[in-house]
Amino acid sequence: MSSNSFAYNEQSGGGEATELGQEATSTISPSGAFGLFSSDLKKNEDLKQMLESNKDSAKLDAMKRIVGMIAKGKNASELFPAVVKNVASKNIEIKKLVYVYLVRYAEEQQDLALLSISTFQRALKDPNQLIRASALRVLSSIRVPIIVPIMMLAIKEASADLSPYVRKNAAHAIQKLYSLDPEQKEMLIEVIEKLLKDKSTLVAGSVVMAFEEVCPDRIDLIHKNYRKLCNLLVDVEEWGQVVIIHMLTRYARTQFVSPWKEDDGLEDNEKNFYESDDEQKEKTDHKKKPYTMDPDHRLLIRNTKPLLQSRNAAVVMAVAQLYWHISPKSEVGIISKSLVRLLRSNREVQYIVLQNIATMSIQRKGMFEPYLKSFYVRSTDPTMIKTLKLEILTNLANEANISTLLREFQTYVKSQDKQFAAATIQTIGRCATNISEVTDTCLNGLVCLLSNRDEIVVAESVVVIKKLLQMQPVQHGEIIKHMAKLLDSITVPVARASILWLIGENCERVPKIAPDVLRKMAKSFTSEDDLVKLQILNLGAKLYLTNSKQTKLLTQYILNLGKYDQNYDIRDRTRFIRQLIVPNEKSGALSKYAKKIFLAQKPAPLLESPFKDRDHFQLGTLSHTLNTKATGYLELSNWPEVAPDPSVRNVEVIELAKEWTPAGKAKKENSAKKFYSESEEEEDSSDSSSDSESESESASGEQEEEGDSSEDSSEDTSSEHRSDSESASEVGDKRTAKKNSKSKGKSYSEDGEKENEKSKTSDSSSTDSSSEEESSSDSESVSESESEPESRKVAKNEKKKTKQDRNPLTKDVSLLDLDDFNPVSTPVALPTPALSPSLIADLEGLNLSTCSSVISVSTPVFVPVKTHVLLHRMSGRGLAAHYFFPRQPCIFGDKMVSVQITLNNTTDQKIENIHIGEKKLPMGMQMHVFNPIESLEPEGSITVSMGIDFCDSTQTASFQLCTKDDCFSVNIQPPVGELLLPVAMSEKDFKKEQGMLTGMNETSTVIIAAPQNFTPSVILQKVVNVANVGVVPSGQDNIHRFAAKTVHSGSLMLVTVELKEGSTAQLIINTERTVIGSVLLRELKPVLSQG
């Protein structure tokens, strides 16, 4: 039946696509030899007809089947014309599948693909980001030089796309275009430079891959983005992490000095006695330089450390090679545990990891010695893994563990895997060579193996014994005699050759045995292997020179046999030996030295690891695995003697600092804040809660606004000179403006210590002059803001005397601490340890890091407090510590999570000086500690407050809880639900925000539970127990909405529980912080499912 009749049936409305397929089956089934081919033709005709259908369902079904065929490896190229017709389909699902097909076959069917170029160009403007990205992928897969300009234009536009997914695909297209037309390199570098500045973690890995392919030598493009890449690394997808880490390893080797230089300053110290102070100072400075690690070097090492716990073996391997190549030798040890963990993976991963460990263990045995047992061979290991483990065990062998290893090797020798048993014998030989104490033991063990029934074991033992005897032949005449007897039974050529060589070398020590061995060998000469024949010739020559009376005729007989041998090597060797040892008139001058030539002392063989020379390749690369330079391998450069200028990396950071936090603003904002807060306090001290809310808002608002421009700063300074009444009237007006600027300034609110110090010195005079014109209370507040923490405490005590009213005092304490929104290392005065009810009321109105007008922090829903053990009384020698999250905004910083710690003294003695010691925090994390507690009475208890900025991650905050006598290492790991603050918003605002957080910002799952678990009260209780979220009013009974925002970044977290028919519900989470969203989804699902 023709295709026209198919089309007619479809248009006339008769039958679905499946029926068409059945009709085709019945029609196209001729008997005979072509039945098999016709069935394939039938299938494809069926699919073609479905693709030409007017129904989207039939087209979608056909495309799914076609993509399924491709996935199974079947050829679907003949369907290209039928598929490409649907490239303009309005159905997004069909369009996606068509693009998947085209990416696969566009290169093969270039002419047909070119006909659809205009469709792809239109698709690049499609509102759907997936369609835009797919169109770019197809366009870049059509490898025809004529469309290079179109591809170039598409890549440029896509690199500026709002969607990070499209920008990621633009980075992928760069590599394809470069391989098609390398002349576009300069224009592509411009796009790469632009994409390297992208702050999306989705784009980072792909653009670095493009950088490595197109212009790996353009290190200058990385300078400005170095710190950003280091900080984004943890959040980039796994394969992107691998590429970035390898690139940063190369970068570090060109930009930082070696951290491996040893201190060779002893000789200098002797000379310094006679030199002038200046020269001594110069030398001291020069000597100390190698020990000063560049902060950027440290940043890279610190930020890659958490990735050692990655589930992806390639990421762990990449971090391991980074530590090996660029970190100080004292810090490399931490990678060993992670690499040993990878040995639980499949055999391919084990093979690569063991190869790298083998290379590392040659230079640094101590790294892997604690994990010796992890390298013991298992019966299930394949041979390649077994031999690599043997290699590592040999490298790790020393006097302390050799006895254990030799017992292990004895078992391996009995293995059924003959290749492995032979490798074990070689390993024993290497151990005997490396550790002189066990040489005799190993030799005796190998001699015992000579009586083994297995020929391969015996042969390998002979070869290894030969090498060992070369080291000390005088002592082992008996072993040589024993091996001579084995010649009758051993048939392996290498072993026979080794015995003959040994007898020849020691023919003077065994004068009776050697001639007899030669006699036996002469008998079987013609049937021996070529390797053995060469050694028979050598043995005959040596005996001719040392014992010619007995062996002259034998040697001549062997030389005659060799003269007519089929192998030309043996014929050549025979002629050479005859001329050298048998004197005649034609003999040259060398004949006199024949004995010295043949019986010269041979150096003992050096048994080395085959991985000894691989360390010049970068670990973890294909070149290292193959031990040869692979195509595309980029060599690691040597460390520079002098580090290049480090300022090239902080250009962008400085610009940001100028834009948002000008030098000299920090102290002015403090003084201005005090000015307004004090004036309001005096005017209306009765209404404490509402005042403190507005004051803290205005204070934090000023703090943000003053980072905007220098003009605002000068206005604020001049406003301090006005009268109190003027300033009071302006407070209300300024509040509204400052609230609007919060979202703009909040993300840059963290200042460094240096800038704060600079601002103190630069603006002290202007602040002093303004303070003279203010009232006494105002000047008091200014002096507080300028003074060091000790003087701040004194000022606080004075206020306690003058002001007896409790509320203003509480208000003052909280504001003092709000000065320190950005925690620094200097100690600060802290409020009372536990949050008082009035302080909680003060803090309820704080609107921290608001992003838009619809977001405002609400009061958390009451849930029972969950207490976690920080320090057990047994571990803490009587000091017990528990912590919990009070779910209140933190008073120490707007990006910090409030943590309360309860300390208990369970001993019968006083515990003194309880304080926080050393802090080991991940990059970016900050902690505001509590004041040291002088003493804690027996059976006493105290609750203190801390603030920790977890940077919106569930990383552990590690620190030391110390007493007068001891220090205990403790950890606080926040549940993901405690990284949120509840948000109050209307249903309309919720839907609006949710509409902007779809696609990749949305994760969902289906929950199955009993209907009684889906009542509003139960859902509310379960959700708020897990996460600190606010309830959003809902007009529908079957939809429950909750809203929160992350403490650090202020990103919205929208949770929806939509009840379906029966006992199912859908849980949806919308947020920009997709990692936190997915973790929260995983935690909520089991809680909502259980009864």
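1. The lining of the second largest cavity comprises 10 nonpolar, 3 polar and 2 charged residues. Here Ala, Val, Leu, Ile, Met, Phe, Trp, Tyr, Cys and Pro count as nonpolar, Asp, Glu, Lys and Arg as charged, and the others, Gly among them, as polar. Strands β4 (897-905) and β11 (980-984) each supply at least two lining residues; strands are DSSP runs of E, at least two residues, and helices are runs of H or I, at least four, numbered from the N terminus.

2. The model is predicted: local features need pLDDT of at least 70, side-chain atom pairs count only at pLDDT 80 or more, and totals for chains, interfaces and linings use all residues. Residues are numbered from 1 along each chain as its sequence is written, and side-chain values use heavy atoms, with hydrogens and water left out.

3. There are 33 salt bridges in the structure, each a side-chain nitrogen of Lys or Arg within 4 Å of a carboxyl oxygen of Asp or Glu. One of them joins arginine 649 to aspartate 294 (3.2 Å, N to O). Because both partners lie in loops, between α35 (622-626) and α36 (651-660) and between α18 (277-288) and α19 (295-304) respectively, the pair ties together parts 355 residues apart in sequence.

4. Glutamate 93 is partly exposed, at 43% relative accessibility.

How values were computed. Buried means under 20% relative accessible area, exposed over 50%, partly exposed in between (1.4 Å probe, protein chains only).
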